[in-house]
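Colleague: Could you walk me through this one before I set anything up? I have a few quick things to ask.

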Amino acid sequence: MRPLIHIKNPMTQDELKKQVARSAIEYIKNVPVIGVGTGSTVNFFIEMLADYTSSIDAAISSSIDTTRRLESVGIKVLDLNEVNNVEVYIDGADEVDPKKKLIKGGGGALTREKIIAGASDKFVCIVDSSKTVDVLGGFPLPIEVIPMSRKFVAGEMKKMGGQSVWRENFISDNGCEIIDIHNLYIRDPMEMERVINNIPGVVTVGLFALRDADVVLIGDGDKVITR
Ligand code: 5RP
């Protein structure tokens, strides 16, 4: 008799994003003011929020796109200056290391994302399993810059071994430009974040290491892994 072979039906990346987005709902139940990030994973989460509008007073949004999506499901968006506290912030990431340090900004919303992460009591990061790495840097590190500093910042990054690529035809919600830094192998994310923060012209670096995630949820197919 031939042995029975269990063939695993792999989930698509979008299905994994939906799976992890669904698991984040537990973190916002009975939370009046939530922070909401930007990106395709968070977009699934926003769609699911449509069932929880009665328990959410308002959201703090990390981008113009997220604001539009939140309002379209019936959630009021407030400015961060209008609230006293953001209990929970839900956002995705481009890379996550074992210590919950992140690279973010693939979608270009890194500055507002970093502000809300910093202002929140709990940062819950939601990713599919393709985003987990041992060492950050495989994903090009986004840096939002004041436009006149772009070449200068690129030169400073070259001294650290990084190759800068200008995200042409892209202007952030803050009217700034973004360069993406390739070839970095980020052994000490906190130190690198401090160093890049100090380069004149840098608005925000997409390293979330000094304020990292409190919880990382990873959509893995069989289950959602919590770090
Ligand atoms: C946007 C971000 C996103 O969280 C990051 O790019 C992940 O996006 P996605 O969920 O689409 O993979 O930092 O600035």
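Predicted model: local features only at pLDDT ≥ 70, side-chain atom pairs only at ≥ 80, totals over all residues.

Colleague: Fine. In what order do the strands of the open sheet come?

Modeller: The open sheet is built from 4 strands, ordered β9-β10-β8-β11, and their pairing is antiparallel. At the edges are β9 (163-166) and β11 (202-205), each of which pairs on one side only. On average, neighbouring strands in this sheet are turned by 30° against each other, with direction ignored.

Colleague: And how many bridges join β8 to β10?

Modeller: There are 5 bridges between strand β8, residues 141-145, and strand β10, residues 177-182, and the two run antiparallel. If you want a place to look, P142 stands opposite D180 in β10.

Colleague: Which strands does helix α5 touch?

Modeller: Helix α5, which covers residues 150-159, packs on the sheet and touches β8, β9, β10 and β11, and its direction makes about 15° with that of β10. Helix α6, residues 189-197, lies across β8 and β11 and runs at about 165° to β11.

Colleague: Switching to helices α2 and α3: at what angle do they cross?

Modeller: Their axes cross at roughly 25° and come within 9 Å. Because angles under 35 degrees count as roughly parallel, α2 is described as roughly parallel to α3. As for handedness, the crossing of α2 and α3 is right-handed.

Colleague: Which residues make that contact?

Modeller: From α2 the contact involves N43, I46 and L49, while α3 contributes D65, T66, R69 and L70.

Colleague: Staying with α2, is T41 buried or exposed?

Modeller: T41, which is found in helix α2 (residues 40-49), counts as buried, because its relative accessibility is 5% and the cut-off for buried is under 20%. Once its neighbours within four places in sequence are left aside, T41 is in contact with K17, V20, A21 and I126.

Colleague: Now charges. How many salt bridges does the structure hold?

Modeller: It holds 12 salt bridges. One of them pairs D65 with R68, whose closest N and O atoms are 2.8 Å apart. Both D65 and R68 lie in helix α3, residues 64-72, and they are 3 residues apart, about one turn of the helix. D65 is partly exposed, at a relative accessible area of 29%.

Colleague: D65 came up in the helix contact as well. Which residues are linked with D65 in a network?

Modeller: D65, R68 and R69 are linked in a network of salt bridges, and both D65 and R69 are among the residues that make the contact between α2 and α3.

Colleague: What about K159, which residue does it form a salt bridge with?

Modeller: K159 forms a salt bridge with E156, with 2.7 Å between the closest N and O atoms. The two are separated by about one helical turn, because they are 3 residues apart in helix α5. K159 counts as exposed at 67% relative accessibility, whereas E156 is partly exposed with a relative accessible area of 22%.

Colleague: Last one: how far apart are N and O in the salt bridge of K29 and E26?

Modeller: The side chains of K29 and E26 meet in a salt bridge at 3.0 Å, N to O. K29 is partly exposed, with a relative accessible area of 38%, and E26 counts as exposed at 55% relative accessibility.

Terms used
Residues numbered from 1 in each chain as written. Heavy atoms only, no water. Pairing = 2+ DSSP bridges. Axes fitted to C-alpha atoms, helices over the stretch in contact; angles between N-to-C directions. Contact = heavy atoms within 4.5 Å. Buried < 20%, exposed > 50% of the residue type's maximum accessible area, 1.4 Å probe, protein only. Salt bridge = Lys/Arg side-chain N within 4 Å of Asp/Glu carboxyl O. Parallel < 35°, antiparallel > 145°, perpendicular 65-115°, else oblique. Left-handed = near helix turned anticlockwise from the far one by under 90°.
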